[in-house]
Amino acid sequence: MSKFWALLTHLHALSGPVVILLYPLYASVVAIESTSKLDDEQWLAYWILYSFLTLMEMVLQPILQWIPIWYEVKLAMVAWLVLPQFRGAAFIYNKIVREKLIKKYGSSYFQDKSHSPNGKPKNKLVDFITLKKGEH
């Protein structure tokens with residue numbers, strides 16, 4: 001029985017990094033190499049949400065350390081974000097994050113169809129976030 005318990009403990013310890021990092025890294029590379037935009041959206045949304053979750057976890061660490069099942073809750077939440085059957089990351093991004101950004105900046109802010117000098121469509125949000133040449 002003790003060997004079985006040791007095996008379960010090791011599987012539990014490995015499940016977090018596999019679900020939270022390894023599978024998403026692999027799936028992100030596959031998404032970059034595919035021609036579909038749908039999987040790109042899923043994995044970009046995942047990394048946005050994962051970054052936010054990690055940041056919130058760092059800020060709330062003094063509180064979260066008192067919640068004994070926090071790791072299991074986080075693992076279940078991230079599994080829902082990651083698993084392709086649910087597409088949780090894209091769902092959360094579309095229903096919450098995008099809605100908040102549209103409410104704050106307006107839908108025209110994200111749908112500007114003007115073109116840059118190189119012929120690519122401009123996006124005001126991307127222009128706002130990215131640095132221009134010479135700005136460091």
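## Helix H1

Helix H1 covers residues 2–33, 32 residues in total, and its first and last C-alpha atoms lie 45 Å apart, close to the expected 46 Å (1.5 Å times one less than the number of residues). Helices here are DSSP runs of H or I with at least four residues, numbered from the N terminus. This is a predicted model, in which local features need pLDDT of at least 70, side-chain atom pairs count only at pLDDT 80 or more, and totals for chains, interfaces and linings use all residues. Residues are numbered from 1 along each chain as its sequence is written, and side-chain values use heavy atoms, without hydrogens and water.

H1 has a kink of about 45°, centred on Val 18; the bend is the angle between axes fitted to the seven residues ending at a residue and the seven starting there.

## Buried positions

Gly 16, Ile 20, Pro 24, Ala 27, Ser 28 and Ala 31 of H1 are buried (under 20% relative accessible area; exposed is over 50%, partly exposed in between; 1.4 Å probe, protein chains only). The buried residues of H1 pack against helix H2 (37–59) and helix H4 (70–82), where contact means heavy atoms within 4.5 Å.

## Aromatic pairs

The whole structure holds 6 aromatic pairs. Rings of Phe, Tyr and Trp (its six-membered ring) pair if their centres lie within 6.5 Å; planes under 30 degrees apart count as stacked, over 60 as edge-to-face and the rest as tilted. Tyr 23 and Trp 43 are edge-to-face, because their ring centres are 5.8 Å apart and their planes stand at 75°. This pair links Tyr 23 in helix H1 with Trp 43 in helix H2, 20 residues apart.

Technical notes:
Helix = DSSP H or I, 4+ residues; strand = E, 2+ residues; numbered from the N terminus.
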